[in-house]
Amino acid sequence: MAKDPKRDVSATWIEYKKSKSEALRNTLMEHYLHLVRYNAERIHVKLPDEVELDDLMSAGVFGLMDAINAFDIERGVKFETYCAPRIRGAILDELRSMDWVPRLVRSRAHKLENATKQLEVELGRIPTDDEIARRLNIPKAEFEKMAKDASAVGLVSLSRKWFETDSNKDVREIDVLEDKRGADPVREIQRKDLKELITKGLSRAERLIIILYYFEEMTMKEIGSTLDLSESRVSQMHSSILARLKAQMADRRKEFQQATAV
């Protein structure tokens, strides 16, 4: 006659709570390990490609261990229900420790981005610094600091996957960086075509910001002086332009993949 797994687990729980045996705890962890993978996979699908699922599972295992140690079998609560928040909490704590941008800065950057988008829809144009500051109900000096801090949130990891290939090796951001050590006529032509492509549809000020920053290698402060704009305003416009260009590139990449799949 086959043994009842539920009865075996219940017996293991009772014996573990009596003896606190490390071997029994490991037995329970092996039994509930699938809960760690389930929660880690649910969180992983919302994260960038450079975040490894195994790292999330490693953090989740510690959450499972804490849940096993703290679980009270006499309360009549299912362990699966009890441990899920602890596993997710351990994974999220690990993600926060991996994020070099403080949570307050990231939160304020989201508020700035949302306020800017709302005003763009309402006004039909890019809002000014004063308009955004009034929408956020903050002084101009505080807005400029917020805009400067928000520009750091948009940095991209060089190990991030750029696109998938049919081969075993994926192409990442570092693989497509431009080598500026030598002048190549073909590269110069491509550079000119790229400049026309990415600045197409931009306003004069937006086009100058892209050209001066990426092609003339000027700083945000120097661009602000040239265009008679504040450094924070240039930074905010730069972030807005990049967001639109990324959306356009994603659409073009999807169209390309659909065309090549046919």
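At what angle do the axes of helix α9 and helix α10 cross, and within what distance do they come?

1. The axes of α9 (residues 204-215) and α10 (residues 220-227) come within 10 Å and cross at roughly 140°. Axes here are lines fitted to C-alpha atoms, for helices over the stretch in contact, and angles run from 0 to 180 degrees between N-to-C directions. Helices (H or I, at least four residues) are DSSP runs, numbered from the N terminus. The model is predicted: local features need pLDDT of at least 70 and side-chain atom pairs pLDDT 80 or more, while totals for chains, interfaces and linings use all residues. Residues are numbered from 1 along each chain as its sequence is written, and side-chain values use heavy atoms, without hydrogens and water.

2. α9 and α10 are therefore oblique to each other; angles under 35 degrees count as roughly parallel, over 145 as roughly antiparallel, 65 to 115 as roughly perpendicular and the rest as oblique. The crossing of α9 over α10 is right-handed (the near helix is turned clockwise from the far one by less than a right angle). On the α9 side the contact (heavy atoms within 4.5 Å) is made by A205, L208, I209, L212 and Y213, and on the α10 side by M220, I223, T226 and L227. These residues divide into eight nonpolar, one polar and no charged. Ala, Val, Leu, Ile, Met, Phe, Trp, Tyr, Cys and Pro count as nonpolar, Asp, Glu, Lys and Arg as charged, and the others, Gly among them, as polar.

3. α10 also packs against α11 (residues 231-261), with axes that come within 8 Å and cross at roughly 105°. That makes α10 roughly perpendicular to α11. M220, K221, I223 and G224 of α10 meet E231, V234, S235 and H238 of α11. This contact has three nonpolar, three polar and two charged residues.

4. The second largest pocket is lined by 13 residues, with V9, S10, W13, Y32 and F79 nearest its centre. A pocket is an open set of points on a 1 Å grid where a 1.4 Å probe fits, with protein on both sides within 12 Å along at least five of seven lines; lining residues have an atom within 4 Å of a point. α1 gives the most to this lining, with five residues.

Methods: Helices (H or I, at least four residues) and strands (E, at least two) are DSSP runs, numbered from the N terminus.
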